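Look at the structure below before reading on. The notes that follow are grouped by topic.

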Amino acid sequence: MTLLLDIATSAAILFIVATGLLTIFGVLKIINFAHGAWLTVGAYCAVAVGQAGLNPWLALPVAFIAGSVLGLLTERFIVRPLYSRPLDAILATWGLGIVIGQLITLGFGRDVQFTANLIPGTMDILGTSYSAYRIFALVAAVVLGLGFSLLMEGTRLGLSARAVIMNETLARGLGLDTAKIRTVTFMIGTGLAGLAGVLLTPLTSVDPTMGVAWLVGSFMLVMVAGQSFGALALACLLLGGAQVIVSTYISPILGGVTVAVLAAVILRISPKGFARA
Amino acid sequence: MTLTAAVPVARRARLLWILAAAAVLLVVFGPYVLDRFALNVLTRAMIFAILAITVDLLWGFTGILTFGQAAFFGVGAYATAMLLTHVGSSPLMLALAVPVAILVPMILGAAVGWLTFYPGSSDFYATIISLVVPIVITQLIYSGGTLTGSSSGLVGYWGLPLGLEGFFRLAGLCLVAVALAALIFVRSDAGRVLTAIRNNETRCAYLGINTQRIKIALTAALAGVTGLAGYLYANASGVVAPENAGFVFGTELVIWTALGGRGTIIGPVLGAIGIGYLSAQLSGDLPFLWQLLIGSLFVVMIIFLPNGLAALATGFRQSRRAAVVPDLVARPVQRKAHRGDAPLLDIEKLEKSYGSHKVLEDITLSVRPGELVSLVGPNGAGKTTLMRCMTDGAAASGGIVRINGESIAGMLPNDIVARGIGRKFQVASVFESLTVAECLRMARTSLDAPSFVTVSDTLGLSQSAIDILKLTGLDKMLDAPVSLLSHGQKQSLELAMVVALEPELILLDEPTAGLTKTERTTIGAVLKTLTAERGMAAILVEHDLDFVRDISSRIVVLHQGRLVLDGTVGEVVNSDIVKKIYSGGHHG
Amino acid sequence: MDEMTELRTAKLALEGVSSGYGNVEIIKDLTLDIRPGEVFALMGKNGMGKTTLLKTIMGLLPLRQGRILLDADPAGKLGPKDMVRARVAYAPQDQPLFQDLTIRDNLRLALPSDKALAEGLEHVYGHFPFLKERLGQRAGTLSGGEQKMLIIARALMTRPSLLLIDEISEGLQPTVIDRIASALKDERESRGTTILIIEQNLSFVLGIADRWAVLKLGVIDDAGQVGPDTQAQIIEHLSI
């Protein structure tokens, strides 16, 4: 039972972390290597909210806003000139990640920070005592997934974004403002990354380099998932599940590379990943 | 057209050796003026500069963005340290560690290359793998227990007994040797192949070059060089740690290469040494600010100056390379023995569909030497698709395509080209960052193996190819960068490249699109000579029906994926069915 | 005059227009006047620049030289967004539909906002009633003829004053061609929509056009009023 819960909640956490990256990759075909930095920014929003003595839940909207405002600037000044050079976009956003990491270090120091746990303690699930926060993360992932599909399927913005993903030339020919759609998508992606950063705080230590470890995992999952959120959920469940199983039964250290290795193998066999599924 | 930037080749080569000699002197006498701190820092930086050269060869020249060089470095360093720690340090072991530190990363590099570069693999995939490899290696190091020293690494083994000055000189000499070899290689005829791959990999494949194999070999060879740097590092620093193999270190290598100037060899060397030295000097005083500065500079450079500081130093010149003007030499055509009068190309019941949508259906067609067959039909009739099915063994969904009696099913474009098919694309597919002569030499790569060291001063081509160059005036522009050619000149160049392959059958997709009247006439005359006099066969997709009428020996009409007519020019021109198709009245 | 019957017409003038891709100039110094409310048929063999011309008018390709005037306003330098706002609609030939979106969403995307959606839908049902029952169906599941009708319907959603159509009849049954022809005729007659249409099917296009021109290598080769001899005259240009 604990194993099942571990698998489900680990997959949920991976999903939360990777959505922001997928949003951007799906519409803009750009890999935002500053994703790790945005997670860190989100986590430090939680630290700042805590230091200011405010309600820790307030960190969620703060991080989303901080993330999207920074995203707006990034899209406008760094990513926009690089749409035709996707490999350079990886590098430029990685450089931006370094800059953000150093700015955070300057502001908060390089020490590990602690934040209030949003939901402390454990709860009973069918007779198993389990971390209440991890259960909450599972719920949060489902809410996020549903909320996002509602946004994509139910709103005009989502429709426009899907139109740009499917056929950008046609979208332009119909008069859609593709530049604006890109900007807004980027902002949502970075906002979600900030949000994910807050949600990570109870699970991991907060320091200026915390994002890097999560970046690689999310990157692999997004590559496997392609452009679909359903595929991302599936990838998180399968690869995250494999990670939990390897960590539990073989070695936690090998568990750490499970996602990366499986992703590489899956992409070698099927270069489009789960996108066709 | 003259190139003001061109420096005579001999003078450039001399300059290179003078620079190398100066570098050797610096390295040998450096320890007399530098303090211990500087020696230490610079030794490290010079070892890292060797890595930056390998990153530059992969990324700057070949276009493979890699974070993985750190992993090969780590493997080389750990192989050395593990051997010296666990087997013991002796002169024999120190000597043995050299081939081990080179071979183990090379084998790993070959395996990674094989995994990464397969037909149709994407640039992104190579980058993904280059992230996975260092992560896996680092985790293996962490889980290695006492064997690898886990997170604290290995320390306390006895390396080469050289002392600070000795290591400085050794690292410096190795760096000079690697840099010199790299510079000679990238300027050689073989080295230009890397640039050609980065520029236009599809064209390389259609010139019969197996790009996957070249990339795998390059990855393996550079992994070996990187492993040697690892050996030096393990000896000079006396400690190896998991971070040495990590992907963050891999990204630093890319940053140094980018800041120094990708695609220049010297730039990345200076980038690695400069940043390494300044970091050590400044990070004590302003630790975070320094990183911040490097990061910001990197972002700005990638956006505004993607070719790095070296590009700034050379003043944005189009081509800094000494452009060699080789002499054109006619080479006899190495024609393969032709089997009787069997058709060159034989297509039987070919079919191509995307899902339920059939683009081509029941196409049966054969072409013999000396024929010039035009393929006509309205838009969407399937002409370009048919061309693709003849040059890519994976394209067709049904039926058989045979070349000289051999089925091409499953063959890659470069295999098919090796069997005597040349393909000219609709949009001129040439190499934008090479010169005219270099493009033509690429076409000969599969026939005359290029030198890894020198730039040949002759260019051997078939007489037909030389004729095309003369007719179009390209023979006077051999040193011109392709990026400066007009659209028509690029079309002619591509045709000359394809003819230089000495194909038995040449496929041309709209060779006259966007050309002037004179250019059309020239290309028409060339095609007629090639087929009627030199015995080549040609298949031509063309919309300009006047042109088709003038030069074809046979016309094949495609309509809605089916072959509706196959006959002489007279038969097709006068057929009612063709008139109907072109006035939109015919429905399949 | 209410929204539905309001006259929507535009005059399009091209003055010395050049455009192309990369360093290839496909349209060369082209001058063409299209009068308000007329149907103008543009013909020519493939690769002669017809699609390039429409894309340039729509603002999808940069105008290199010359001027494009919509009524008296300079266009062509504007982006496609502004052209749509100026009531220009474009029915492209290449990948003209979002295959994985529903019919409703395909139609919806033609409008800048959902405000006028119901009204626009009512308008296109008038021409193609089958769309009404199948709004939720994916465009990719429609038959070839239905897809073509959807493309025209989408272009009519904004009730445009200028309609640009690229090769709509290719591979269609005569009955479908008739339905499209009558929709276009009706739009022009009831609201004065100006139509610039590229076509290979002469009997279809000459049935609705007022004037015609043949494009060759980026310039107008021949032009005239549509009359009884037009078809023979054009076949001369197009045949082998």
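In chain B, six strands make up an open sheet with mixed pairing, in the order E9-E11-E12-E6-E13-E14. Strands pair if DSSP finds at least two bridges between them; helices (H or I, at least four residues) and strands (E, at least two) are DSSP runs, numbered from the N terminus. This is a predicted model: local features need pLDDT of at least 70 and side-chain atom pairs count only at pLDDT 80 or more, while totals for chains, interfaces and linings use all residues. Residues are numbered from 1 along each chain as its sequence is written, and chains are lettered from A and ligands numbered from 1 in the order in which they are written.

**The sheet of chain B**

- Strand E9 (421–424) and strand E14 (562–567) of chain B are at the edges with a single partner strand each, so one side of each has no neighbour in the sheet.
- From one strand to the next, the twist averages 15 degrees.
- Strands of a sheet pair through backbone hydrogen bonds, either parallel or antiparallel.
- Strand E6 (residues 372–376) and strand E13 (residues 554–559) of chain B run parallel and are joined by four bridges.
- Opposite Val373(B) stands Arg554(B) in E13(B).

**Helices across the sheet**

- Helix H14 (residues 383–391) of chain B lies across E6, E9, E11, E12 and E13 of chain B, at about 150 degrees to E11(B). Angles run from 0 to 180 degrees between N-to-C directions, and axes are lines fitted to C-alpha atoms, for helices over the stretch in contact.
- Helix H19 (residues 517–533) of chain B lies across E6 and E12 of chain B, at about 145 degrees to E12(B).

**Leu57 of chain B**

- Leu57(B) is in helix H2 (residues 36–61) of chain B.
- Leu57(B) is buried, because 24 other C-beta atoms lie within 10 Å. Buried means 20 or more such atoms within 10 Å, exposed means 12 or fewer, and partly exposed is in between, with C-beta atoms placed from the backbone.
- Leaving out residues up to four places away in sequence, Leu57(B) touches Thr62(B), Ala182(B) and Leu222(B). Contact requires C-beta atoms, placed from the backbone, within 7 Å.
- Leu57(B) and Leu222(B) are 165 residues apart in sequence, yet 8.5 Å apart in space, C-alpha to C-alpha.

**Helix H5 of chain A**

- Buried residues in H5(A) include Tyr133(A), Arg134(A) and Ala137(A).
- The buried residues of H5(A) pack against helix H1 (2–28), strand E2 (128–131) and helix H8 (178–200) of chain A.

Technical notes
Contact = placed C-beta atoms within 7 Å.
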